[in-house]
Amino acid sequence: MKSNNIILIGFMGVGKGTIARALVKKTDYFAIDTDDLIESLENKKIKKIFKESGESYFRDLEKKCALWCEKNITNTIISTGGGFYKQKNIKKIGRVIYLQSTFDTILQGLYNAPNSQKKLKKRPLLNNLVEARKIYEERVKEYEKVADIIINVEDWNQNKAVSNILKAI
Ligand code: S3P
(Lines give C-alpha, C1' and ligand atoms only; values in the text may rest on other atoms or scores of the structure.)
Protein backbone atom coordinates (compact mmCIF):
# COMPACT_ATOMS: atom_id res chain seq x y z
CA MET A 1 0.00 0.00 0.00
CA LYS A 2 1.19 3.50 -0.83
CA SER A 3 2.18 5.36 2.33
CA ASN A 4 1.57 9.01 3.16
CA ASN A 5 5.17 10.13 2.69
CA ILE A 6 6.10 13.21 0.70
CA ILE A 7 9.22 12.92 -1.45
CA LEU A 8 10.99 16.07 -2.56
CA ILE A 9 12.93 15.72 -5.80
CA GLY A 10 14.84 18.25 -7.87
CA PHE A 11 18.27 19.39 -8.92
CA MET A 12 21.24 19.79 -6.55
CA GLY A 13 21.03 22.95 -4.51
CA VAL A 14 17.38 23.74 -5.26
CA GLY A 15 16.54 23.67 -1.53
CA LYS A 16 14.98 20.23 -0.94
CA GLY A 17 16.42 19.85 2.58
CA THR A 18 15.61 23.42 3.59
CA ILE A 19 12.02 23.13 2.39
CA ALA A 20 11.61 19.72 4.07
CA ARG A 21 12.69 21.23 7.40
CA ALA A 22 10.34 24.19 6.93
CA LEU A 23 7.45 21.81 6.16
CA VAL A 24 8.09 19.87 9.35
CA LYS A 25 7.53 23.04 11.37
CA LYS A 26 4.05 23.45 9.85
CA THR A 27 2.90 19.81 9.99
CA ASP A 28 3.19 16.68 12.09
CA TYR A 29 5.48 15.06 9.55
CA PHE A 30 9.01 13.97 10.43
CA ALA A 31 11.84 14.59 7.92
CA ILE A 32 14.73 12.51 6.64
CA ASP A 33 17.20 13.00 3.80
CA THR A 34 18.39 10.16 1.57
CA ASP A 35 21.96 11.50 1.37
CA ASP A 36 22.08 11.67 5.19
CA LEU A 37 20.87 8.06 5.41
CA ILE A 38 23.54 6.96 2.94
CA GLU A 39 26.26 8.88 4.78
CA SER A 40 25.36 7.24 8.07
CA LEU A 41 25.11 3.82 6.48
CA GLU A 42 28.63 4.16 5.07
CA ASN A 43 29.97 6.44 7.81
CA LYS A 44 31.40 8.60 5.02
CA LYS A 45 30.52 11.85 3.31
CA ILE A 46 28.95 11.61 -0.16
CA LYS A 47 32.02 13.28 -1.65
CA LYS A 48 34.26 10.55 -0.21
CA ILE A 49 31.92 7.77 -1.36
CA PHE A 50 32.11 9.14 -4.93
CA LYS A 51 35.90 9.53 -4.72
CA GLU A 52 36.69 6.13 -3.22
CA SER A 53 34.00 3.91 -4.72
CA GLY A 54 32.58 5.79 -7.72
CA GLU A 55 29.16 7.01 -8.77
CA SER A 56 27.67 3.61 -9.60
CA TYR A 57 28.42 2.37 -6.07
CA PHE A 58 26.63 5.48 -4.76
CA ARG A 59 23.63 4.76 -7.04
CA ASP A 60 23.44 1.22 -5.61
CA LEU A 61 23.27 2.74 -2.14
CA GLU A 62 20.45 5.02 -3.30
CA LYS A 63 18.57 1.96 -4.50
CA LYS A 64 19.08 0.22 -1.15
CA CYS A 65 17.88 3.38 0.57
CA ALA A 66 14.78 3.59 -1.69
CA LEU A 67 13.82 -0.02 -0.92
CA TRP A 68 14.30 0.58 2.78
CA CYS A 69 12.16 3.74 2.68
CA GLU A 70 9.38 1.89 0.88
CA LYS A 71 9.26 -0.80 3.55
CA ASN A 72 9.86 1.24 6.66
CA ILE A 73 8.92 4.91 6.40
CA THR A 74 5.55 6.60 6.91
CA ASN A 75 4.37 10.11 7.76
CA THR A 76 7.69 11.56 6.65
CA ILE A 77 8.97 14.22 4.30
CA ILE A 78 11.85 12.66 2.44
CA SER A 79 14.30 15.05 0.83
CA THR A 80 16.42 13.30 -1.75
CA GLY A 81 19.69 13.59 -3.64
CA GLY A 82 19.26 15.08 -7.11
CA GLY A 83 19.54 11.68 -8.80
CA PHE A 84 17.15 9.78 -6.52
CA TYR A 85 14.20 10.41 -8.87
CA LYS A 86 15.51 7.49 -10.96
CA GLN A 87 14.55 4.93 -8.34
CA LYS A 88 12.02 2.56 -9.85
CA ASN A 89 9.98 2.27 -6.65
CA ILE A 90 9.84 6.01 -5.94
CA LYS A 91 6.06 6.19 -6.44
CA LYS A 92 5.61 3.38 -3.96
CA ILE A 93 7.39 5.39 -1.29
CA GLY A 94 4.91 8.27 -1.42
CA ARG A 95 3.80 11.37 -3.29
CA VAL A 96 6.54 12.93 -5.37
CA ILE A 97 6.95 16.70 -5.38
CA TYR A 98 9.35 18.25 -7.87
CA LEU A 99 10.92 21.53 -6.77
CA GLN A 100 11.42 23.29 -10.07
CA SER A 101 13.88 26.08 -10.87
CA THR A 102 16.30 26.99 -13.64
CA PHE A 103 19.95 25.95 -13.66
CA ASP A 104 21.14 29.56 -13.52
CA THR A 105 18.92 30.44 -10.55
CA ILE A 106 20.06 27.35 -8.66
CA LEU A 107 23.73 28.18 -9.29
CA GLN A 108 23.22 31.79 -8.31
CA GLY A 109 21.66 30.63 -5.04
CA LEU A 110 24.56 28.31 -4.34
CA TYR A 111 27.13 31.04 -5.03
CA ASN A 112 25.26 33.62 -2.93
CA ALA A 113 24.85 31.31 0.08
CA PRO A 114 26.94 32.31 3.12
CA ASN A 115 28.60 28.87 3.09
CA SER A 116 28.80 28.64 -0.70
CA GLN A 117 32.23 26.98 -0.92
CA LYS A 118 31.08 24.18 1.37
CA LYS A 119 27.84 23.74 -0.58
CA LEU A 120 29.72 23.51 -3.89
CA LYS A 121 32.54 21.30 -2.63
CA LYS A 122 30.31 18.66 -1.08
CA ARG A 123 28.64 18.01 -4.46
CA PRO A 124 31.01 16.10 -6.76
CA LEU A 125 28.70 16.53 -9.77
CA LEU A 126 29.03 20.31 -9.51
CA ASN A 127 32.83 20.25 -9.94
CA ASN A 128 32.43 20.80 -13.65
CA LEU A 129 29.72 23.35 -14.39
CA VAL A 130 29.54 22.53 -18.11
CA GLU A 131 28.82 18.91 -17.24
CA ALA A 132 26.45 19.94 -14.44
CA ARG A 133 24.38 22.03 -16.88
CA LYS A 134 24.20 19.01 -19.21
CA ILE A 135 22.98 16.82 -16.35
CA TYR A 136 20.38 19.45 -15.51
CA GLU A 137 19.16 19.59 -19.10
CA GLU A 138 18.97 15.80 -19.33
CA ARG A 139 17.00 15.58 -16.11
CA VAL A 140 14.46 18.39 -16.38
CA LYS A 141 11.89 16.42 -18.37
CA GLU A 142 12.49 13.32 -16.24
CA TYR A 143 11.81 15.21 -13.03
CA GLU A 144 8.56 16.47 -14.53
CA LYS A 145 7.54 12.98 -15.64
CA VAL A 146 8.11 11.42 -12.23
CA ALA A 147 6.41 14.23 -10.29
CA ASP A 148 2.87 14.01 -8.92
CA ILE A 149 3.06 17.72 -8.07
CA ILE A 150 5.34 20.45 -9.46
CA ILE A 151 6.17 23.45 -7.29
CA ASN A 152 8.08 26.35 -8.80
CA VAL A 153 10.70 27.68 -6.38
CA GLU A 154 12.48 30.03 -8.76
CA ASP A 155 11.91 33.06 -6.51
CA TRP A 156 13.61 31.46 -3.46
CA ASN A 157 10.53 32.39 -1.39
CA GLN A 158 10.53 29.58 1.15
CA ASN A 159 7.24 30.56 2.83
CA LYS A 160 5.49 30.64 -0.52
CA ALA A 161 6.93 27.25 -1.49
CA VAL A 162 5.81 25.74 1.82
CA SER A 163 2.30 27.15 1.54
CA ASN A 164 2.00 25.99 -2.10
CA ILE A 165 3.08 22.50 -1.06
CA LEU A 166 0.60 22.46 1.83
CA LYS A 167 -2.19 23.52 -0.53
CA ALA A 168 -1.25 20.82 -3.02
CA ILE A 169 -1.01 17.85 -0.64
C1 S3P B 1 23.45 14.13 -6.74
C2 S3P B 1 22.95 15.05 -5.83
C3 S3P B 1 23.48 15.17 -4.47
C4 S3P B 1 24.04 13.83 -4.00
C5 S3P B 1 25.07 13.34 -4.96
C6 S3P B 1 24.51 13.14 -6.37
C7 S3P B 1 22.89 14.10 -8.12
O8 S3P B 1 22.43 15.57 -3.57
O9 S3P B 1 23.01 12.87 -3.87
O10 S3P B 1 26.13 14.26 -4.96
O11 S3P B 1 23.07 13.10 -8.83
O12 S3P B 1 22.21 15.08 -8.49
P13 S3P B 1 21.80 17.07 -3.57
O14 S3P B 1 20.73 17.09 -4.61
O15 S3P B 1 21.27 17.24 -2.20
O16 S3P B 1 22.90 18.00 -3.87
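1. Basis. The model is predicted: local features need pLDDT of at least 70, side-chain atom pairs count only at pLDDT 80 or more, and totals for chains, interfaces and linings use all residues. Residues are numbered from 1 along each chain as its sequence is written, and side-chain values use heavy atoms, with hydrogens and water left out.

2. Shell. There are 14 residues around the ligand, and K16, D35, R59, R123 and R139 come nearest (a residue is near if one of its heavy atoms lies within 4 Å). By class, six shell residues are nonpolar, three polar and five charged (Ala, Val, Leu, Ile, Met, Phe, Trp, Tyr, Cys and Pro count as nonpolar, Asp, Glu, Lys and Arg as charged, the others, Gly among them, as polar).

3. Polar contacts (pairs of N or O atoms within 3.5 Å). A ligand oxygen is 2.5 Å from a side-chain N or O atom of K16. For R123, the distance from a ligand oxygen to a side-chain N or O atom is 2.5 Å. At G83, a polar backbone atom is 3.5 Å from an oxygen of the ligand. The protein covers 94% of the 390 Å² of accessible area that the ligand has on its own (Shrake-Rupley method, 1.4 Å probe).

4. Salt bridges (a side-chain nitrogen of Lys or Arg within 4 Å of a carboxyl oxygen of Asp or Glu). The whole structure has 11 of them. One joins the side chains of K48 and E52, at 3.9 Å from N to O. Both residues lie in helix α3, four residues apart, about one turn of the helix (helices are DSSP runs of H or I, at least four residues, numbered from the N terminus).

Methods: Polar contact = N/O pair within 3.5 Å; in protein donor to acceptor, adjacent residues only side chain to side chain. Helix = DSSP H or I, 4+ residues; strand = E, 2+ residues; numbered from the N terminus.
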